[in-house]
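Q: Can you walk me through this one? I'd like to start with the helices and then move to the sheet.

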Amino acid sequence: WATITWDNAFADINRIPFQVPDKVIWNQLAEALNMKFRASTGRSLTPENMHFLCEKAFKTNLPFPVPNDLTIMWSQFCKEPIPDRSFTFWDWFYAAMKVTREHLRGPWMDGSIIGFIHKSKAEDYLLKCPRGTFLLRFSDSELGGITIAWVNEGNDGQPQILHIQPFTAKDFSTRSLSDRIRDFDDLFYLYPNKPKHEAFDRYTTPAGPPRNKNYIASEVRAVLMPGPTNNQMNSFPNTPSYNIQSPDASRDTPSSGYQNSTIMHL
């Protein structure tokens with residue numbers, strides 16, 4: 001798909017099939033990616049989204065707007081892995097597009113998913129918001145993963161930004177993103193200030209009657225599972241304890257922090 005996308009956007013009419021230039025103008029490639037994402041998911045990327053993609057592809061900070069003469073190599077697009085990852089820029093972009101098309105189309109079309117935003121910028125946005133405000137961004141570390149960043153209150157009363165372990169298509173096969181957001185009692189407002197029920201209730205799954213009147217109905221729900229720290233466990237081995245420190249900015253899935261799970265309620 002990377003070759004087809006590049007070929008459709010930049011090949012000359014009188015050329016050998018799939019013989020494409022090694023280097024193209026980034027802004028032209030960005031528009032090709034935007035058209036592909038819009039056709040697949042129903043909504044265009046914003047200028048901020050495309051600037052984020054540019055910085056991800058070039059692996060560095062760049063001015064906004066991007067200079068018109070900035071060029072990108074074919075190898076940067078789909079051959080060279082992203083730093084500290086085993087996948088390329090194209091792999092990451094395509095996986096985000098695929099999970100959006102198959103599982104997140106409604107909230108994406110509504111503008112409820114920012115998606116393409118740096119983790120640090122998401123944290124800067126949320127630090128200005130009240131407790132329980134959250135936003136959704138595509139994971140840097142997991143292909144096709146989307147994570148929820150939200151504002152919590154630390155032990156010192158100061159706001160802390162926490163990140164829920166990314167959800168993937170496998171997770172959405174058992175419970176949708178909107179259902180999971182409804183389940184999490186710590187989430188109140190979609191950034192900047194929209195009550196979460198206004199943004200997501202239309203996409204949640206209504207409770208159904210039991211299939212057999214002789215049984216009690218059950219449902220699956222998602223819960224947050226704070227992780228204990230080693231020091232706390234050693235000090236109080238029989239007492240549950242929780243780490244709610246903001247995760248390392250270089251990771252989406254901290255070893256100690258909020259993970260998610262599903263439980264069955266009867």
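**Helix contacts and the sheet**

A: This is a predicted model. In it, F52, L53, K56 and A57 of α3 meet F89, W92 and F93 of α5.

Q: How many of the residues in the contact of α3 with α5 are nonpolar, polar or charged?

A: The contact of α3 with α5 has 6 nonpolar residues, 1 charged residue and no polar ones.

Q: And at what angle do α3 and α5 pack?

A: Helix α3 (residues 47-58) and helix α5 (residues 89-103) pack at about 145°. Their axes are 10 Å apart.

Q: OK, the sheet now. What order do the strands have?

A: The order is β5-β4-β3-β6-β7, in an open sheet of 5 strands with mixed pairing.

Q: Which strands stand at the edges?

A: Those are β5 (159-163) and β7 (194-195). Each has a single partner strand, so one side of each has no neighbour in the sheet.

Q: How do β4 and β5 run, parallel or antiparallel?

A: β4 and β5 run antiparallel, joined by 5 bridges. A149 stands opposite H163 in β5.

Q: Which helix packs on the sheet?

A: Helix α7 (residues 119-126) does, touching β3 (133-138), β4 and β5. The direction of α7 makes about 165° with that of β3.

Q: Is T147 buried or exposed?

A: T147 counts as buried, because its relative accessibility is 1% and buried means under 20%.

Q: What does the side chain of T147 reach?

A: The side chain of T147 reaches the backbone oxygen of I164, at 2.4 Å.

Terms used
Residues numbered from 1 in each chain as written. Predicted model: local features only at pLDDT ≥ 70, side-chain atom pairs only at ≥ 80, totals over all residues. Heavy atoms only, no water. Axes fitted to C-alpha atoms, helices over the stretch in contact; angles between N-to-C directions. Helix = DSSP H or I, 4+ residues; strand = E, 2+ residues; numbered from the N terminus. Contact = heavy atoms within 4.5 Å. Nonpolar A, V, L, I, M, F, W, Y, C, P; charged D, E, K, R; others polar. Buried < 20%, exposed > 50% of the residue type's maximum accessible area, 1.4 Å probe, protein only. Polar contact = N/O pair within 3.5 Å; in protein donor to acceptor, adjacent residues only side chain to side chain. Pairing = 2+ DSSP bridges.
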